[in-house]
Amino acid sequence: QVQLVESGGGSVQAGGSLRLSCAAFVYAYSTYCMGWFRQAPGKQREGVAAIDSDGTIRYADSVRGRFTVSQDNAKNSLYLQMASLKPEDTAMYYCAADWRCGLGLAPAYNYWGKGTQVTVSS
């Protein structure tokens, strides 16, 4: 019901910024909630930021204050503005969506994009 396509990843120096975008292609009328996740090699996928139906935003402690998630409902898009990037932010970043809202940072979303790589060098 939903196809997600991420973009905006790349390689930056520590302290730099990147803005990730996720375009959601919805094929049925319904509400859904979205979030950003990331996974580094050898590590578990972790929630980065998510927006619930009531507008509640959740951030992982590791990114709070540096990352900002936003959405444009008219464009069915989700964004992640990343600032003050650190080498430990290096990971594949995924956009996720689910009809079940309130999942927050739990990696239980039903729809996932293919991911966009973010690499931060020191």
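Trainee: How many nonpolar, polar and charged residues does the lining of the largest pocket have?
Mentor: The lining comprises 5 nonpolar, 6 polar and 2 charged residues. Here Ala, Val, Leu, Ile, Met, Phe, Trp, Tyr, Cys and Pro count as nonpolar, Asp, Glu, Lys and Arg as charged, and the others, Gly among them, as polar. This is a predicted model, in which local features need pLDDT of at least 70 and side-chain atom pairs count only at pLDDT 80 or more, while totals for chains, interfaces and linings use all residues. Residues are numbered from 1 along each chain as its sequence is written, and side-chain values use heavy atoms, with hydrogens and water left out.

Trainee: What is the volume of the largest pocket, and which residues are closest to its centre?
Mentor: Rolling a probe the size of a water molecule over the atoms shows where empty space is left. On a 1 Å grid over the protein atoms alone, a pocket is an open set of points where a 1.4 Å probe fits, with protein on both sides within 12 Å along at least five of seven lines; lining residues have an atom within 4 Å of a point. The largest pocket has a volume of about 240 Å³, the space filled by probe spheres set on the points. Of its 13 lining residues, Thr31, Tyr32, Cys33, Gln71 and Asn73 are the closest to the centre. Strand 4 (33–39) and strand 7 each give two or more residues to the lining; strands are DSSP runs (E, at least two residues), numbered from the N terminus.

Trainee: What is the strand order in the open sheet of 4 strands?
Mentor: Strands of a sheet pair through backbone hydrogen bonds, either parallel or antiparallel. In this sheet the order is 1-3-8-7, with antiparallel pairing; two strands pair if DSSP finds at least two bridges between them. Strand 1 (2–7) and strand 7 (67–72) are at the edges with a single partner strand each, so one side of each lacks a neighbour in the sheet. Strand 7 pairs with strand 8 (residues 77–82) over 6 bridges, and Asp72 has Ser77 in strand 8 as its bridge partner.

Trainee: Why is the pair of Tyr32 and Trp99 edge-to-face?
Mentor: Rings of Phe, Tyr and Trp (its six-membered ring) pair if their centres lie within 6.5 Å; planes under 30 degrees apart count as stacked, over 60 as edge-to-face and the rest as tilted. The ring centres of Tyr32 and Trp99 are 5.7 Å apart and their planes stand at 80°, so the pair is edge-to-face. Ring pairs also link Tyr32, Trp99 and Tyr111 into a cluster.
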